[in-house]
Amino acid sequence: MHDTSPGNTARPSRRTVLAATAGVTAAVTVGGAAHADSGPSDKQLGALISRMTLEEKVGQLFVMRAYGHSATAPDQADIDANLNEIGVRTAAELIAKYRVGGIIYFTWAHNTRNPRQIAELSNGIQRASLGRPRGLPAIIATDQEHGAVCRIGKPATLFPGAMAIGAGGSRADARTLGRISGAELRAMGVNQDYSPDADVNVNPANPVIGVRSFGADPDAVAALVAAEVTGYQSAGVAATTKHFPGHGDTAVDSHYGFPVITHSRDQWEKLDAVPFRAAIRAGIDSIMTAHIQFPALDDSGDPATLSRPILTGILRGELAYDGVVVTDSLGMEGVRTKYGDDRVPVLALKAGVDQLLNPPKLDVAWNAVLTAVREGELTEARLDESVLRILRLKARLGLFDDPYADAERVGRTVGTAAHLATADRIAERTTTLLVNEGGVLPLSHRTQRNVLVVGADPASPSGTTGPPTGVLAAALTELGFTATALSTGTDPSADAVAKAVAAARDADAVVVGTYNVSAASTQKSLVEQLLATGKPVVAVAVRNPYDVAQLPSVPACLATYSWTDVELRAAARVIAGRVAPRGRLPVPVQRADDPARVLYPIGHGLTY
């Protein structure tokens with residue numbers, strides 16, 4: 001069941017929105033275009049802030065999850081989850097109780113079923129927020145990075161992820177991705193995207209960034225970050241670079257641990273800082289903090305999210321950034337290791353943060369901030385600074401003018417044939433041919449008609465794509481082959497390997513999808529035993545390109561950098577020879593037997 005109150009399926013008029021924000025005055029409205037040059041002055045926004053209660057100011061600082069496909073009538077299971085975790089039944093009740101400034105969408109929270117439903121949910125959230133006394137439009141955010149992290153799936157257009165874009169190396173493609181993805185998000189009522197990732201991934205063992213990064217060269221990463229930021233913001237969506245001051249060199253996932261970055265200050269300047277400086281020059285709307293220790297920048301042992309030397313001293317001071325600073329999720333272990341959930345939001349605000357993202361217990365966090373102001377640890381003036389930045393962003397996005405999506409027309413923008421075709425063409429420019437001994441590729445559908453596709457089938461990032469072996473097999477069949485899929489998993493058993501080897505004997509060629517192959521991985525045994533059949537074997541590394549180092553005998557290897565359909569279909573076209581591989585490694589691949597030596601350098605990539 002969707003929201004059915006007025007303004008949900010029909011786009012509310014501009015007059016309706018202005019009436020709901022009457023306390024802002026007509027002078028605070030901005031034109032319909034995002035990032036309008038004219039808009040409310042700080043004095044006008046300050047007058048609005050002066051009329052807000054302390055509780056309303058505290059609420060504006062929070063961006064919170066809410067379960068359900070509807071703002072007012074979610075499914076009973078989602079009502080129960082909301083009651084259990086937040087103490088409210090719906091997103092509308094969340095806004096009424098805590099006056100939160102924003103909502104974040106997740107697939108697992110059942111916010112993202114389909115484009116029209118998302119637009120209606122967004123409208124329900126805006127209506128709930130604007131309907132309160134002194135109501136304000138809401139920030140509606142999500143993590144739509146594309147590739148390995150994607151909250152909104154098909155039929156929306158899904159692009160290759162960041163490392164694939166890095167392999168393509170085209171700033172125009174990065175800008176186009178941002179523009180199209182931004183237009184589709186805005187059509188669904190989403191006005192802030194926690195993307196692009198500005199981390200420089202120099203650690204192949206990085207478990208949390210990896211292919212979410214554009215690569216290992218800071219200047220190349222910086223150029224693509226700036227281009228994607230420009231694309232998103234031209235479409236009326238606030239882009240968010242992350243994870244400041246740089247999460248690219250860690251072997252610990254900050255969701256589950258507390259990483260330490262050991263770079264020197266000079267290394268930080270030359271490596272980690274470069275893409276963030278480029279984003280700031282490009283006019284980035286928001287920057288997300290990292291839950292990491294960075295002793296060279298702050299030796300207190302505090303995570304960067306809670307570090308005044310890093311956020312106020314460096315980001316605000318040295319980098320001269322005065323946009324919105326948002327924390328990474330406050331439910332992650334990296335920010336909860338040293339301090340309790342009641343201290344984290346207060347310390348984040350003292351450090352220089354503006355938006356507090358998704359605390360595990362909102363009542364604890366919200367009341368902690370309120371108490372800190374009432375008891376003098378935080379001043380109300382300090383809150384006013386952050387509320388002003390948040391309202392500036394809302395005004396720049398045109399939310400005081402019209403925050404609503406047009407649910408009736410969402411299909412005219414989201415997942416159009418032109419957008420999908422553009423994503424396919426971009427993907428073709430990213431597929432990277434790492435090895436091709438003896439000209440194994442391209443395969444011929446005339447002499448190698450029967451193709452077996454085996455390998456890993458990791459879960460879809462958005463829940464709407466895959467499984468990878470099936471997608472590759474279907475794409476190859478469309479290209480004239482007779483392809484059969486056989487999933488063997490990320491840790492194939494001896495029985496699964498035996499079944500794959502038996503099936504390979506009846507095939508003319510074998511394509512094997514690999515996923516994060518390690519020295520001890522049974523995926524290596526799968527590939528070796530397939531090679532022993534004497535049939536041509538093509539490995540497709542569907543996540544990390546580093547897999548190729550663990551597969552020294554494989555005669556042909558492609559890297560796709562992610563396992564979503566758009567990248568796999570492009571790989572199939574390369575395998576079939578319909579397009580030539582054009583991608584170039586954006587990261588070096590070290591030798592498996594001697595990691596100090598480079599097997600394939602940045603820029604490596606074959607073609608035919």
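**Figure 1. Val369 and its neighbours in the largest nonpolar core.** Leaving aside residues up to four places away in sequence, Val369 touches Val58, Leu61, Phe62, Pro345, Val346, Leu349, Leu356, Leu378 and Leu383 (contact here is heavy atoms within 4.5 Å). This is a predicted model, with local features needing pLDDT of at least 70 and side-chain atom pairs counted only at pLDDT 80 or more, while totals for chains, interfaces and linings take in all residues. Numbering runs from 1 along each chain as its sequence is written, and side-chain values rest on heavy atoms, with hydrogens and water left out. The largest nonpolar core has 107 residues, and Phe62, Leu94, Ile125, Phe244 and Val369 are the ones that touch the most other members. Helix 14 (residues 362-374) gives the most to this core, namely eight residues. Apart from it sits another core of 64 residues, among them Met163, Val579, Leu585 and Tyr600. A nonpolar core is a set of buried Ala, Val, Leu, Ile, Met, Phe, Trp, Tyr and Cys residues joined through side-chain atoms within 4.5 Å; buried means under 20% relative accessible area, exposed over 50%, and partly exposed in between (1.4 Å probe, protein chains only). Helices (H or I, at least four residues) and strands (E, at least two) are DSSP runs numbered from the N terminus.

**Figure 2. The largest pocket.** About 840 Å³ of space lies in here. Its lining counts 36 residues, and Phe106, Arg151, Arg212, His255 and Tyr256 come closest to the centre. Sorted by class, the lining has 18 nonpolar, nine polar and nine charged residues (Ala, Val, Leu, Ile, Met, Phe, Trp, Tyr, Cys and Pro count as nonpolar, Asp, Glu, Lys and Arg as charged, and the others, Gly among them, as polar). On a 1 Å grid over the protein atoms alone, a pocket is an open set of points with protein on both sides within 12 Å along at least five of seven lines, a cavity is a set where a 1.4 Å probe fits but cannot get out, and lining residues have an atom within 4 Å of a point. Points are joined across faces, edges and corners, and a volume is the space filled by probe spheres set on them.

**Figure 3. The largest cavity.** Six cavities reach 30 Å³ or more, and the largest holds about 80 Å³. Residues lining the largest cavity include Met52, Glu56, Arg99, Arg132 and Leu136. Four nonpolar, three polar and four charged residues make up that lining.

Figure 4. Leu479 counts as buried because its relative accessibility is 11%. Beyond residues up to four places away in sequence, Leu479 touches His445, Ala572, Arg573, Ala576 and Arg578.

Figure 5. Most residues other than glycine have a negative phi, and most peptide bonds are trans. His146 is buried at 2%, whereas Ala320 counts as exposed at 60% relative accessibility.
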